[in-house]
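Work through the following exercises with the sequence and the model open beside you. Each task is followed by a solution that goes step by step.

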Amino acid sequence: QIVEERTQRGRPIIATTQLTGERFAELFKSKERGQAIGRRLTESCYLVAFTPSAKTHIQEEIPLT
């Protein structure tokens, strides 16, 4: 519903995930719903893939307090 409303109104969506394709779809109660959401995101958004290299990958601990 959120994706549908924002795309119809021309509003931006920023979504991040470390998952791809089937693994993303499996997270939803219905795999078909997950596939539909993934399809809508890929059809209406620019996809930017980030692949960390050994030189640029920095791991930083952030306290949760």
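**Exercise 1.** Is Glu-4 buried, partly exposed or exposed, and what is its relative accessible area?

*Solution.* The structure is a predicted model, in which local features need pLDDT of at least 70 and side-chain atom pairs count only at pLDDT 80 or more, while totals for chains, interfaces and linings use all residues. Residues are numbered from 1 along each chain as its sequence is written, and side-chain values use heavy atoms, with hydrogens and water left out. The classes are set by relative accessible area: buried is under 20%, exposed is over 50%, and partly exposed lies in between (1.4 Å probe, protein chains only). Glu-4 has a relative accessible area of 25%, so this residue is partly exposed.

**Exercise 2.** Find the salt bridges in the whole structure, and state which side chains form them.

*Solution.* Begin with the criterion, which asks for a side-chain nitrogen of Lys or Arg within 4 Å of a carboxyl oxygen of Asp or Glu. The search of the whole structure then returns two salt bridges. In one of them, the side chains of Glu-4 and Arg-40 meet at 2.9 Å, N to O. This pair links distant parts of the chain, since Glu-4 lies in helix H1 and Arg-40 in helix H3, 36 residues apart. Here helices (H or I, at least four residues) and strands (E, at least two) are DSSP runs, numbered from the N terminus. Arg-40 is partly exposed, with a relative accessible area of 43%. A salt bridge also joins the side chains of Glu-26 and Arg-23, at 3.7 Å, N to O. Glu-26 is partly exposed at 43% relative accessible area, and Arg-23 is likewise partly exposed at 44%. Side chains of opposite charge can pair when their charged atoms come close.

**Exercise 3.** Describe the largest pocket by its volume, and then by its lining.

*Solution.* On a 1 Å grid over the protein atoms alone, a pocket is an open set of points where a 1.4 Å probe fits, with protein on both sides within 12 Å along at least five of seven lines, and lining residues have an atom within 4 Å of a point. Grid points are joined across faces, edges and corners, and the volume is the space filled by probe spheres set on the points. The largest pocket holds about 880 Å³ of space. Its lining consists of 27 residues, of which Ala-15, Thr-16, Thr-17, Leu-47 and Val-48 are the closest to the centre. Helix H2 (21–25) and helix H3 (31–44) each supply at least two lining residues, and H3 gives the most, with six. By type, the lining divides into 14 nonpolar, 11 polar and two charged residues, where Ala, Val, Leu, Ile, Met, Phe, Trp, Tyr, Cys and Pro count as nonpolar, Asp, Glu, Lys and Arg as charged, and the others, Gly among them, as polar.

**Exercise 4.** Which residues line the second largest pocket?

*Solution.* The second largest pocket contains about 180 Å³ of space. Its lining is made up of Gln-1, Ile-2, Val-3, Glu-4, Arg-33, Ala-36, Ile-37 and Arg-40. The elements that give two or more of these residues are helix H1 (2–8) and H3, with H3 giving the most, four residues. The lining divides into four nonpolar, one polar and three charged residues. Glu-4 and Arg-40, the salt-bridged pair from Exercise 2, are both part of this lining.
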